[in-house]
Amino acid sequence: MQEVCEYIGGGVEGGGEVVVFIHQKEIANVLLVKYTNAVSVRGDDSMEQRQIAVDRFQNDSNVKIIICSIKAAGVGLTLTASSRVAFVELPWHPADCEQCEDRTHRIGQKNSVQVSYFLGKDTIDEDIYKIIESKRIVANSVTGTQDNVQREIIEKFKNLFSK
């Protein structure tokens, strides 16, 4: 969580906004306590509460962080106020990752979108990431899709920091 908070803080201090995707309520609660001006979109929010949070994030210059449940906020929302996305926790399928990423990468986005995945060393995160990547390879093979970034480069970069 320390690295996550450093990433979020760096994005906000640099004058930007950050979209944070999580799974567990406990993680969202920790972040909401730390960032009292943040808004959130979670599964137990009403549709009205979700829209208010999105509108505040999109339009209120004092709201720099939105904390989103992967399932509750992964589709149908526009979060183009930010060009930074952070996954604190991972979903089980690459399509969920892409849907979440696409909340910021929509019509109206003026910047390139930077997406960061936080993987705890020697945790289940590493295993989930491997599962996501293997599913991505299968899906790409079936659909004939190619990723713009070679996954070997990502793996080499990731391994650089694990040494």
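Q: With which residue does Asp-60 form a salt bridge?

A: A salt bridge is a side-chain nitrogen of Lys or Arg within 4 Å of a carboxyl oxygen of Asp or Glu. Here Asp-60 forms one with Arg-56, the closest N and O atoms being 4.0 Å apart. Please note that the model is predicted: local features need pLDDT of at least 70, side-chain atom pairs count only at pLDDT 80 or more, and totals for chains, interfaces and linings use all residues. Residues are numbered from 1 along each chain as its sequence is written, and side-chain values use heavy atoms, with hydrogens and water left out.

Q: How many salt bridges does a search of the whole structure find?

A: The search finds four. One of them joins the side chains of Glu-17 and Lys-64, at 3.5 Å from N to O. Glu-17 lies in the loop between α1 (2–13) and β1 (18–22) and Lys-64 in the loop between α3 (47–59) and β3 (65–69), so this pair ties together parts 47 residues apart in sequence. Helices (H or I, at least four residues) and strands (E, at least two) are DSSP runs, numbered from the N terminus. Glu-17 is buried, with a relative accessible area of 19%, whereas Lys-64 is partly exposed at 23%.

Q: Which residue forms a salt bridge with Asp-96?

A: The partner is Lys-71, with the closest N and O atoms 3.1 Å apart. Asp-96 is in helix α5 (residues 94–101) and Lys-71 in helix α4 (residues 70–73), so the pair links distant parts of the chain, 25 residues apart. Lys-71 counts as exposed, at 56% relative accessibility.

Q: What is the order of the strands in the open sheet?

A: Two strands pair if DSSP finds at least two bridges between them. In this model five strands form an open sheet in the order β2-β3-β1-β4-β5, with parallel pairing. The edge strands, β2 (39–41) and β5, each pair on one side only. Within the sheet, β1 runs parallel to β4 (residues 84–87), and three bridges join them. Val-19 stands opposite Val-85 in β4.

Q: How is an aromatic pair described?

A: A pair of aromatic rings is described by the distance of the centres and the angle of the planes. Rings of Phe, Tyr and Trp (its six-membered ring) pair if their centres lie within 6.5 Å; planes under 30 degrees apart count as stacked, over 60 as edge-to-face and the rest as tilted. By this rule the count is three aromatic pairs. Tyr-7 and Phe-118 form an edge-to-face pair, with 5.5 Å between centres and 75 degrees between planes. Tyr-7 lies in helix α1 and Phe-118 in the loop between β5 and α6, so the pair ties together parts 111 residues apart in sequence. Tyr-7 and Phe-118 are buried. Phe-87 and Tyr-117, by contrast, form a stacked pair, at 4.5 Å and 5 degrees.

Q: Which residue lies over the face of Tyr-7?

A: A charge sits over a ring if NZ of Lys or CZ of Arg is within 6 Å of the ring centre and within 35 degrees of the ring normal. Arg-84 lies over the face of Tyr-7, at 4.4 Å from the ring centre.

Key:
Buried < 20%, exposed > 50% of the residue type's maximum accessible area, 1.4 Å probe, protein only.
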